[in-house]
Amino acid sequence: MDKSDISFFKDGLRLDGRRADQLRPIRIEVGVLARADGSCYIEMGGNKVIAAVYGPREVHPRHLQEVTRAIVRYRYNMASFSVEERKRPGPDRRSYELSKVSREALEPVIMTSYFPRSVIDVFVEVLQADAGTRTAGINAAAVALADAGIPMKSMISSCAAGKVADTIVLDPMKEEDNFGQADLPIAMTPGGDITLMQMDGGLSPDEFHQAVEMAMKGARDIYEMQRAALVEKYGKIEASTIEVNACE
Amino acid sequence: MSSVISEIRKDFIYNLLLKGERVDGRTFDQYRDISIERDVIRKAEGSALVKLGSSQVLVGIKMQPGEPFQDTPNRGVIITNAELVPLASPNFEPGPPNEVGIELARVVDRGVRESKAVDLEALCIVPGKQVWIIFIDVHILDDCGNILDAASLGAIAALLSTKVPASRFGLGEDYMLPLNDIPVATTAIEFGDVLMFDPGVDEESIANTKLTVITTAKGEICGMQKSGKGLLKPEQIYRIVDIACEKAREIREKFLEA
């Protein structure tokens with residue numbers, strides 16, 4: 001299939017009927033795994049991603065431990081059946097890189113100094129992929145960290161912007177990613193500090209500004225959904241904790 | 001980015017920075033001296049030894065005919081690999097590439113690929129059967145900081161001097177590899193609210209965050225990578241992009257456009 005075979009816009013709307021600045025539907029569920037200390041399942045459009053957090057726990061191998069803080073490990077893994085053509089199981093170079101940048105997207109907000117000599121493990125499994133798996137993974141991982149009760153300075157929300165048919169679009173889907181002109185995934189705090197930034201394709205400096213702003217707006221909307229999902233699970237518990245505190 | 005650096009040295013760098021100075025007397029957006037020597041390896045199809053200050057990176061290009069990927073039957077293949085050999089730094093260990101090496105190779109690859117510097121369709125020999133495979137192998141020799149920019153520079157410089165070895169494989173006469181663009185990567189670190197370009201190894205090890213911006217000859221951005229467990233404000237990113245475009249143009253004009 002060639003780029004010219006696809007028209008990305010019809011009557012100003014995208015292939016799946018979205019406006020240029022519209023996110024795909026998102027569903028977030030907190031605490032979906034029994035064994036994990038924290039977990040989260042997320043659907044972002046056609047992406048289905050599950051994240052689990054274990055820890056803080058003892059570091060193995062022990063030489064990896066840090067005296068003053070916890071280390072954070074992040075494993076991004078794609079199921080072999082998650083993509084059109086079967087992916088060979090196990091880590092490849094892409095997943096090593098994504099694991100690294102995703103970990104670095106979350107580390108700035110994790111208060112690792114509370115847990116010296118321990119590890120916080122984040123495992124992300126992509127069950128179904130449809131462009132934007134790293135951003136979905138980070139969104140799920142951030143919620144799973146909160147679900148595990150890991151102290152964090154803030155939430156992290158992640159979203160991509162792209163360029164298709166010379167138009168900047170939010171949250172590109174598979175076709176737009178494959179045949180588009182640029183992809184720019186970011187992650188950020190609700191305060192607007194950027195913790196992940198990658199780009200490939202071609203953007204003029206002006207388009208780049210526009211794309212960053214659009215992705216940031218998307219991330220802000222996702223933050224509200226992450227927050228709502230956590231409040232749904234913990235809202236009631238939170239109220240009872242306040243009562244206990246009042247008694248003390 | 002881990003490196004053995006004493007707290008004292010860290011303080012020293014930080015105190016200098018407060019006075020607006022850097023360890024080696026550079027301004028914050030000043031690059032170290034660059035030298036590029038091409039065709040240093042006769043056995044390779046193209047090669048370049050890049051010195052960025054004391055950092056040294058050797059990039060060799062090898063080409064051979066092979067099978068195309070199934071989904072791109074009419075296009076040549078680029079494979080980029082980086083070796084962070086233990087000779088280059090006390091922090092490098094022997095063994096398979098770790099995530100730092102993989103990230104480095106993938107960002108170098110991103111620059112070459114996304115700028116469309118190499119016309120992959122021109123590298124098709126028999127559609128669906130045989131295409132040219134370009135191996136870009138990055139060998140870090142001395143890590144005195146910012147080996148990513150040096151490696152990217154080495155990759156494009158080596159490609160610019162690459163001769164397609166057609167005669168060796170009975171495919172006609174050798175010819176120079178045609179290139180459509182000259183991508184240049186520029187990297188800055190953020191430390192104490194200051195942005196420093198082309199960080200030295202000590203500067204790199206104290207910084208939390210690094211941002212690499214790859215730009216094309218037309219001044220477009222074709223690749224980006226934030227690295228490190230820190231955060232950046234959007235204004236800082238925009239500033240890095242502005243300066244990066246300018247620096248990349250200078251470097252391209254001076255060292256790559258002959």
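Q: Which residues touch the most other members of the largest nonpolar core?
A: This is a predicted model. Its largest nonpolar core holds 132 residues. Those touching the most other members are Ala51(A), Ala140(A), Leu145(A), Ile186(A), Ala215(A) and Ala151(B). Helix α3(B) gives the most to this core, with 11 residues.

Q: Is helix α3(B) mostly covered or mostly uncovered?
A: Start with the general idea. An α-helix has 3.6 residues a turn, so residues three or four places apart point the same way. Now the case here. Helix α3(B) covers residues 147–160 and has 14 residues. It is mostly covered: 14 of its 14 residues are buried. From first C-alpha to last, α3(B) reaches 20 Å, close to the 20 Å expected at 1.5 Å a residue.

Q: What span should helix α1(B) have, and what follows the helix?
A: Helix α1(B) runs over residues 7–18, which is 12 residues. At 1.5 Å a residue, it should span 16 Å. Its end C-alpha atoms are 17 Å apart, which agrees. After α1(B) comes Gly20(B), with a positive phi near 80°.

Q: In what order do the strands of the 8-strand sheet stand?
A: Read across the open sheet: β9(A)-β8(A)-β10(A)-β11(A)-β12(B)-β11(B)-β9(B)-β10(B). The pairing is antiparallel. At the edges stand β9 (167–170) of chain A and β10 (194–197) of chain B. Each has a single partner strand, so one side of each is left without a neighbour in the sheet. From one strand to the next, the twist averages 20°.

Q: Which helix packs on this sheet?
A: Helix α2 of chain B, residues 99–114, packs there. It touches β11 of chain A, and also β9 (184–191), β11 (209–215) and β12 (221–227) of chain B. The direction of α2(B) makes about 165° with that of β12(B).

Q: How many bridges does β11(A) make with β10(A), and how many with β12(B)?
A: Take β10(A), residues 182–188, with β11(A), residues 194–203: they pair antiparallel over 5 bridges. Ala187(A) has Leu196(A) as its bridge partner in β11(A). Now cross to chain B. There, 4 bridges join β11(A) to β12(B), again running antiparallel. Met199(A) stands opposite Met224(B) in β12(B).

Q: What makes up the side of chain A that touches chain B?
A: Generally, the size of an interface is often given as the accessible area lost when the parts come together. Here we count residues. In this model, 24 residues of chain A are in contact with 26 residues of chain B. On the chain A side, α1 (93–106), β11 and α4 (205–247) give two or more residues each. The largest share, 10 residues, comes from β11(A). By type, the chain A side divides into 10 nonpolar, 7 polar and 7 charged residues.

Q: In what order do the strands of the 5-strand sheet of chain A stand?
A: The order is β3-β4-β5-β7-β6, in an open sheet with mixed pairing. The edge strands are β3 (26–30) and β6, each pairing on one side only. Neighbouring strands are turned by 15° against each other on average, direction ignored.

Q: Where are the antiparallel and parallel pairings of β7(A)?
A: The antiparallel one joins β5(A), residues 47–58, to β7(A), residues 118–128, by 9 bridges. Here Arg57(A) stands opposite Val119(A), and Tyr54(A) has Asp121(A) as its bridge partner. The parallel one pairs β6(A), residues 71–78, with β7(A) over 8 bridges. Arg75(A) has Phe123(A) as its bridge partner in β7(A).

Key. Residues numbered from 1 in each chain as written. Chains lettered and ligands numbered in written order. Predicted model: local features only at pLDDT ≥ 70, side-chain atom pairs only at ≥ 80, totals over all residues. Pairing = 2+ DSSP bridges. Axes fitted to C-alpha atoms, helices over the stretch in contact; angles between N-to-C directions. Contact = placed C-beta atoms within 7 Å. Expected span 1.5 Å × (residues − 1). Buried ≥ 20, exposed ≤ 12 C-beta atoms within 10 Å, placed from the backbone. Core = buried A, V, L, I, M, F, W, Y, C linked by C-beta atoms within 7 Å. Nonpolar A, V, L, I, M, F, W, Y, C, P; charged D, E, K, R; others polar.
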